[in-house]
Amino acid sequence: MLMMLPRNRSRSVKRVFVRTQSGRTTIHFKKERPHRAHCRICGAVLGGVNSVRGVAKSEKVPTRIFAGQLCAGCAGEIVKIRSRVALGEMKIEEASLAQREFVKMMK
Ligand SMILES: [Zn+2]
């Protein structure tokens, strides 16, 4: 391993190989930024969710049901399916596989 600062030996630090003007290739280190949270059903980017470290969960995620997991639309669908199944108007098998997982969580 080349001589590098201990903090740059971590695999959470990304290595970018940069070719300099003199033709030499040097390594630049970049801290990988966290990915934005996406809805687990439709894949939409979740609003109001930030991944800042060192702050309380209540500061990172809204307090709605399935916050940080599902978008508001998909969470609403789950609540509807849940009550329809409870009332016997719908069978859980009629919901999609992804939805079933969350309906079961509500019980
Ligand atoms: Zn969604």
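Two residues are in contact if their C-beta atoms, placed from the backbone, lie within 7 Å. Leaving aside neighbours within four places in sequence, Leu70 is in contact with Cys39, Arg40, Ile41, Ala75, Ile78 and Phe102. The model is predicted, and the chain is divided into domain 1 (1–33) and domain 2 (36–105).

**Domains and confidence**

- The C-alpha centres of domain 1 and domain 2 are 39 Å apart.
- The chain has a mean pLDDT of 90, with 98% of its residues at 70 or more.
- Helix H2 (residues 72–87) has the highest mean pLDDT among the elements of the chain, at 95. The lowest, 82, belongs to helix H1 (residues 57–60).

**The strand pair**

- Strand E1 (residues 13–19) pairs with E2 in the antiparallel sense, and seven bridges join the two strands.
- Val16 is placed opposite His28, a residue of E2.
- Five residues lie between the strands of this hairpin, where Gly23 takes a positive phi near 95°.
- Strand E2 (residues 25–31) has seven residues and the number buried is zero, so E2 lies largely in the open.
- In a regular strand, side chains alternate between the two faces of the sheet.

**The nonpolar core**

- The largest nonpolar core consists of eight residues. They are Ile41, Phe66, Leu70, Cys71, Ile78, Ile81, Ala95 and Phe102.
- Leu70 belongs to this core, and the residues in contact with Leu70 include Ile41, Ile78 and Phe102.
- Ile41, Ile78 and Phe102 are also listed in the core.
- Other contacts of Leu70 include Cys39, Arg40 and Ala75.

Methods:
Residues numbered from 1 in each chain as written. Predicted model: local features only at pLDDT ≥ 70, side-chain atom pairs only at ≥ 80, totals over all residues. Domains from an automatic or database assignment. pLDDT = per-residue confidence, 0-100. Helix = DSSP H or I, 4+ residues; strand = E, 2+ residues; numbered from the N terminus. Buried ≥ 20, exposed ≤ 12 C-beta atoms within 10 Å, placed from the backbone. Pairing = 2+ DSSP bridges. Core = buried A, V, L, I, M, F, W, Y, C linked by C-beta atoms within 7 Å.
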